[in-house]
Amino acid sequence: MTPETATVFVVDNDPSVRKALARSLLTAGLKVKTFASAREFLDQGPPGSPGCLVLDVRMPGLSGLELQAELNARDIRIPIIFITGHGDIPLSVKAMKGGATDFLTKPFKLGNLIRAIREALQQDEFLQASRAKNAEVQRCLEKLTPREREVLDLVVKGRLNKQIGEELGAAESTIKVHRGRVMNKMQVQSVADLVRDMAGLAPKHRE
Amino acid sequence: MSKHRKPPAPPDHYPHIRLAAEAQLARSSGTVPERQRGTPAAMIHELQVHQLELEIQNHELKRVQSELEQSRDRYLDLYDFSPVGYFAITGEGRILEVNLMGATLLGVPRSKLLQRPLGSFVAFEDRDRWRRHLSTTLPQAGSSPGPGEKQSCELMLQRENGATFHVCLESICLEQTAGQEPAGTGVAGPVIRTAMSDITKRIEAETMLRNSEARLRQELESRVRDRTAELQQINENLRREIEIRKLAEQELSESETRYRTVADFTYDWEYWESPEGVLVYCSPACERITGYSAAELAVGKERLTQMIHPQDREHWRQHKCADRAMPMPRSITFRIHRKDGELCWIEHFCQPITGNQGEFLGVRASNRDVTDRKQADMDLHELREALARVARITTAGQLAASLAHEINQPLAAIRCNAETAQQLLACAPPNIAEARAALADIADDSGRAGRVIQRLRALFAKTIDERSVLQLNNVIHETLDLLHSELELREVTAQVHLEPALPKVLGNRIELQQVLINLIVNAMDAMSGCKPGQQHLEITTACEVPGEIRVSVCDSGAGIQVPEIRRLFEPFFTTKVGGMGMGLAISQYIIEAHDGNLRAVNNPERGATFQFTLPIHHKEHP
């Protein structure tokens with residue numbers, strides 16, 4: 001994934017701002033898609049392509065912050081750069097807590113916005129990659145038997161075969177066989193790789 | 001003549017005779033007598049002189065006698081033939097002498113009259129009078145001797161034949177000295193001389209006159225009585241009228257005093273100016289107010305005009321021009337320079353005076369010193385102005401977020417476009433078309449930002465106390481432009497129903513905008529608790545009542561609690577957390593200063609409506 005294939009989604013109710021941003025980002029070599037309201041953005045469904053969201057905070061109807069909450073609720077992961085005409089600290093704190101990448105006050109330097117957009121896109125790229133990895137790990141996890149999953153969880157906690165056998169009430173040799181199958185099914189070479197893969201998963205998937 | 005010898009009596013008594021005799025002798029002898037006494041020649045001369053003296057005396061006596069005789073005859077004649085009867089009577093009334101006329105009057109020969117009492121000829125009824133006449137004529141006891149006072153009386157006499165006639169007697173008493181008796185009377189005692197004239201004709205005439213006079217008098221008296229009664233009645237009426245008039249005069253004088261007292265002791269400066277512009281009356285209070293006494297003000301017609309502040313004179317002249325034309329009481333406020341140079345505000349009330357026939361009699365005016373009140377008014381006005389400005393700034397503060405947003409939107413666009421244009425021009429080859437489009441957008445956006453700033457600046461500005469002719473529909477549009485982003489953010493839908501043919505008003509644009517902002521922001525606040533999509537704001541202009549326009553701001557909020565409706569316009573009354581409570585109080589003050597009124601009502605369904613009226617501006621009253 002390269003920045004050139006990623007899309008910058010601009011949501012601002014002000015037509016002048018939308019038009020200017022579109023022109024600027026296009027000139028900067030970015031792919032841009034503009035929306036006049038948060039509702040319009042939501043209505044198009046989850047963005048199919050990677051990218052980031054440049055979002056005005058104060059808008060009639062659904063505000064920028066409300067859109068952020070809605071996206072979080074729908075588990076639509078996309079980096080958000082907030083732009084606002086009248087920024088205050090409580091507002092920016094709220095935005096950052098909601099996972100915003102950046103918070104820019106209008107009128108901002110175009111360079112700052114573009115830098116923020118590029119950072120956001122990199123983040124998205126990383127996110128997209130880790131999301132793909134996680135999905136892979138998830139798929140591998142689903143191949144495990146319940147006994148193998150129990151063994152995996154204890155291996156990740158750093159238990160030795162003997163300790164796992166005592167804990168599960170099985171012979172050390174049996175555990176050794178299970179461990180071999182887990183490593184095989186999870187497509188990892190070492191315990192270190194296994195631990196890294198598992199840590200990347202959201203907590204609910206880790207249990 | 002020697003002193004030692006007694007001269008003979010005759011020559012001494014008649015010296016002129018001796019001188020005449022001596023002169024005659026000298027002429028006849030031609031000698032000058034010797035002056036030596038005792039000589040024979042002297043003695044002869046003396047005798048000759050005596051002889052001549054005697055001759056002269058004799059001759060003289062003869063001449064005198066003849067003269068006397070003639071005189072006596074003349075007097076006798078005069079006496080006897082006098083038309084008046086002369087009588088000489090005794091004190092008892094007996095006739096001693098009578099002339100011919102006297103006898104003729106009595107109708108008795110003169111000889112038979114002597115010694116007869118004159119009283120016997122007096123008519124019986126006049127006898128008393130006669131006796132009284134006689135006694136008054138006689139000398140009174142103790143009176144000085146000599147002729148007494150002349151007495152007169154009128155009597156009726158009766159002749160022996162019974163005929164009566166009237167006489168007038170004039171008598172005088174000649175008291176003779178002792179031993180003498182009146183000539184030819186032969187009696188002693190007082191003699192009365194009486195002249196008797198016949199006055200019968202006169203008496204008759206008099207009687208006739210008296211009779212006719214009596215008749216006339218009777219008639220006259222009756223007429224006089226009638227006339228007198230009439231006159232008395234008139235007099236009585238007059239007297240009553242006079243009394244009434246006196247009372248009226250007294251009342252008039254009292255009332256004059258009363259009114260003068262009222263006028264002179266009025267606190268305000270009162271005056272009455274004649275149609276010619278001369279002061280007919282000027283109350284003494286003028287001195288307190290202007291420093292000039294009434295007498296100083298009475299000099300010249302233009303005295304008051306000269307006192308008036310130059311900036312107010314034109315206004316005053318216009319006011320004065322309407323004196324005759326306007327029958328209504330009018331008032332005007334102007335400044336004057338007092339005598340001490342101080343500026344003084346005068347509130348002037350006046351009214352033309354007309355007589356019974358409607359004629360113009362001048363102008364009655366009352367002037368009050370309102371300097372203190374004016375100062376207080378100005379202070380209050382300044383305070384209110386300042387408060388209104390604070391309120392505007394507060395409003396602007398409340399709107400700061402939306403206004404900042406409103407300004408920052410175009411600014412953000414401008415910045416992006418500017419930096420992009422630079423990049424577009426820096427490319428190789430430069431993208432001039434796109435750069436031009438960017439610059440055009442910059443121009444548009446900077447204009448938009450400028451307009452927002454302009455509107456904002458008006459809110460912060462100190463109001464210029466200036467009114468202009470306004471189309472209120474435009475003011476409403478401007479206000480909505482200013483509040484556009486606030487309305488949008490609060491998701492309030494604003495509907496406007498503006499009367500296209502709305503008449504213009506005279507007003508202060510900023511102040512009226514302030515009222516509209518206040519009402520609209522209040523409406524938005526009132527609707528903040530509503531569900532999304534339920535916030536409807538409706539602004540209406542109408543001209544339904546002649547002479548005024550009406551502006552309504554209607555919301556769909558919770559409405560106003562009934563007990564609060566009355567207190568809404570009180571200063572510092574607020575239902576908002578953090579509200580100052582001045583918005584509506586100031587709005588009401590502004591509308592009332594524009595001769596309009598502001599009120600609030602709850603809508604039948606939901607929400608409240610704030611409504612204000614303003615008078616229509618007429619061109620003829622600039």
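User: What do the buried residues of α7(A) pack against?

Analyst: This is a predicted model. In it, the buried residues of α7(A) pack against α6 (146-156) and α8 (172-185) of chain A.

User: Which residues of helix α7 in chain A are buried?

Analyst: Helix α7 covers residues 161-168 of chain A. Its buried residues are A:Asn161, A:Ile164, A:Gly165 and A:Leu168. Buried means under 20% relative accessible area.

User: Why do we say that the buried residues of α7(A) line one face of the helix?

Analyst: Look down the axis of α7(A). The buried residues fall within an arc of 100°, so they line one face. The general rule is that an α-helix has 3.6 residues a turn, so residues three or four places apart point the same way.

User: Which residues are exposed on the other side of α7(A)?

Analyst: A:Lys162 and A:Glu166 are exposed there. Just after α7(A) comes A:Gly169, with a positive phi of about 75°.

User: What makes A:Lys106 and A:Asp56 a salt bridge?

Analyst: Check the distance. Their side chains meet at 3.6 Å, N to O. The cut-off is within 4 Å, so the pair counts as a salt bridge.

User: Why is the pair A:Lys106 and A:Asp56 said to tie parts together?

Analyst: A:Lys106 lies in the loop between β5 (102-105) and α5 (110-143) of chain A, and A:Asp56 lies in strand β3 (residues 51-56) of that chain, so the pair ties together parts that are 50 residues apart in sequence. Both A:Lys106 and A:Asp56 are buried.

User: How many residues apart are A:Glu136 and A:Arg139 in helix α5 of chain A?

Analyst: They are three residues apart, which means a separation of about one helical turn. Their side chains meet in a salt bridge of 2.4 Å, N to O.

User: Why is A:Glu136 called partly exposed?

Analyst: Its relative accessible area is 28%. Buried means under 20% and exposed means over 50%, so a value in between is partly exposed. A:Arg139, with 46%, is partly exposed too.

User: What makes B:Arg116 and B:Glu160 a salt bridge?

Analyst: The side chains of B:Arg116 and B:Glu160 meet at 2.7 Å, N to O. The limit is within 4 Å, so the pair qualifies. B:Arg116 lies in the loop between α5 (110-113) and α6 (127-137) of chain B, and B:Glu160 in the loop between β3 (151-158) and β4 (164-174), so the pair ties together parts that are 44 residues apart in sequence.

User: Why does B:Glu160 count as exposed?

Analyst: B:Glu160 has 55% relative accessibility. Exposed means over 50%, so B:Glu160 counts as exposed. B:Arg116 has 23% and counts as partly exposed.

User: Which residues do salt bridges that share partners join into one network?

Analyst: They are A:Lys19, A:Arg23, B:Glu434 and B:Asp441. B:Glu434 meets A:Arg23 in a salt bridge of 2.6 Å, N to O.

User: How many salt bridges cross the interface of chain A and chain B?

Analyst: The rule finds four across the interface. Over all chains, the structure holds 45.

User: How much area do chain A and chain B bury between them?

Analyst: They bury about 2200 Å², with 53% of it on carbon and sulfur atoms. In chain A, A:Arg23, A:Arg58 and A:Pro107 lose the most area to chain B, together 29% of what that side buries. The contact takes 24 residues from chain A and 25 residues from chain B.

User: Where in chain B is the pLDDT below 50?

Analyst: Chain B averages a pLDDT of 83, and 90% of the residues score at least 70. Over residues 6-11 of chain B, though, the pLDDT is below 50. Where pLDDT is low, the predicted coordinates should not be read in detail.

Terms used: Residues are numbered from 1 along each chain as its sequence is written. Chains are lettered from A and ligands numbered from 1 in the order in which they are written. This is a predicted model: local features need pLDDT of at least 70, side-chain atom pairs count only at pLDDT 80 or more; totals for chains, interfaces and linings use all residues. Side-chain values use heavy atoms; hydrogens and water are left out. pLDDT is the predictor's confidence in each residue, from 0 to 100. Contact means heavy atoms within 4.5 Å. Buried means under 20% relative accessible area, exposed over 50%, partly exposed in between (1.4 Å probe, protein chains only). Helices (H or I, at least four residues) and strands (E, at least two) are DSSP runs, numbered from the N terminus. The arc is that of the directions from the helix axis to the C-beta atoms. Buried area is the accessible area (1.4 Å probe) that two parts lose on being put together, summed over both.
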